[in-house]
Amino acid sequence: MNYKNKIFISVLAVFVSWIIPLHEIYAAPGLQAITVTTDAQGDQAYSVSIQVLMLMTVLTLLPAALMMMTSFTRIIIVLSILRQALGLMQAPSSQTLIGLSLFLTFFIMAPVFDRINTEALQPYLNEKMSIEDAAVAAGVPLRHFMFGQTRESDIVTFTQIAGHEKFNSHADVPFSVLVPAFVTSELKTAFQIGFLLFIPFLIIDLVVASVLMSMGMMMLSPMVISLPFKIMLFVLVDGWNLIVGTLASSFYV
């Protein structure tokens with residue numbers, strides 16, 4: 001028996017040792033994975049197993065919700081444009097920008113998350129609220145934040161695309177309209193901030209290119225000369241503090 005066959009048999013033995021106990025557990029007669037009860041009013045209550053399954057399904061959508069329903073989109077786009085404006089392709093790395101954006105998102109969204117925890121999560125964990133009521137209560141502070149950053153024109157656009165009538169209040173706007181309108185507004189705001197960031201660095205590039213052209217050094221790339229000046233300017237004005245502070249203060253909860 002060669003070495004590969006020994007490895008295969010070992011892995012197979014470990015796999016079978018896992019499967020047999022799991023099969024015995026799920027085959028136990030007293031274990032019910034799915035239980036749905038209906039009361040006299042016709043309301044249905046689900047077992048804990050189904051609630052856990054629903055919770056795990058929701059958690060799979062958490063990364064998309066984090067990017068599309070929080071401040072993450074604006075932050076990561078602005079930081080990416082800043083890296084392009086500086087002329088740095090790999091520094092800071094994409095992992096660094098994503099990590100900074102993630103923790104800055106948690107900082108900005110902390111008041112919203114605190115309200116969700118107080119008004120929805122804790123009552124549900126203490127069995128004072130059903131999972132349906134907790135989901136509705138959790139959406140209230142999140143909707144308040146999203147409406148604060150969304151332009152009315154974007155809401156009107158997606159309302160017309162969806163074929164809905166004009167909504168009388170913010171409470172009537174569904175998430176199917178609010179989320180794309182919010183993301184569109186965030187993209188527009190992020191590009192506006194990015195444009196303002198590009199201007200001083202673009203001026204440095206133009207000045208350096210003009211000086212090199214006047215000196216007849218047309219074969220030398222202006223980016224090689226302008227990059228140290230752009231980095232020096234960014235450091236002297238404490239650029240990271242200004243960018244992070246501006247991004248944090250651009251959101252109002």
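Is Arg115 buried, exposed or partly exposed? Select Arg115 and check: this residue is partly exposed, with a relative accessible area of 32%. For those labels, buried means under 20% relative accessible area, exposed over 50% and partly exposed in between, using a 1.4 Å probe and protein chains only.

Before moving on, some ground rules. This is a predicted model in which local features need pLDDT of at least 70 and side-chain atom pairs count only at pLDDT 80 or more, while totals for chains, interfaces and linings use all residues. Residues are numbered from 1 along each chain as its sequence is written, and side-chain values use heavy atoms, with hydrogens and water left out.

**Colour by confidence**

Colour by pLDDT, the predictor's confidence in each residue, from 0 to 100. The mean for the protein is 75, and 77% of residues reach 70 or more. Helix H1 (residues 3-26) has the lowest confidence, a mean of 41, and H4 the highest, at 88. Over residues 2-33 the pLDDT is below 50, and beyond near neighbours in sequence this stretch has eight contacts in the model; contact means heavy atoms within 4.5 Å. Where pLDDT is low, the predicted coordinates should not be read in detail. Helix labels follow DSSP runs (H or I, at least four residues; strands are E, at least two), numbered from the N terminus.

**Back to H6**

Because they sit four residues apart in helix H6, about one helical turn separates them. Glu119 is also partly exposed, at 33% relative accessibility.

The structure holds three salt bridges. For another, select Glu186 and Arg74, with closest N and O atoms 2.6 Å apart. This pair links distant parts of the chain, Glu186 in helix H9 and Arg74 in helix H4, 112 residues apart. Glu186 is buried, with a relative accessible area of 0%, and Arg74 is buried too, at 3%. Leaving out residues up to four places away in sequence, Glu186 touches Thr70, Ser71, Arg74, Gln149 and Phe251.

Then try Lys230 with Asp205, where the closest N and O atoms are 3.4 Å apart. Lys230 is in helix H10 (residues 222-236) and Asp205 in helix H9, so this pair ties together parts 25 residues apart in sequence. Both residues are buried.

**Last stop: the core**

Finish with the largest nonpolar core, which has 40 residues. Such a core is a set of buried Ala, Val, Leu, Ile, Met, Phe, Trp, Tyr and Cys residues joined through side-chain atoms within 4.5 Å. Its residues with the most contacts inside it are Ile75, Leu82, Phe145, Met146, Ile243 and Leu247. Helices giving two or more residues include H5 (94-108) and H11 (239-249), while H4 gives the largest share, ten residues. Centre on Leu82: beyond its neighbours within four places in sequence, Leu82 is in contact with Leu197, Phe201, Phe234, Trp240 and Ile243.

Methods:
A salt bridge is a side-chain nitrogen of Lys or Arg within 4 Å of a carboxyl oxygen of Asp or Glu.
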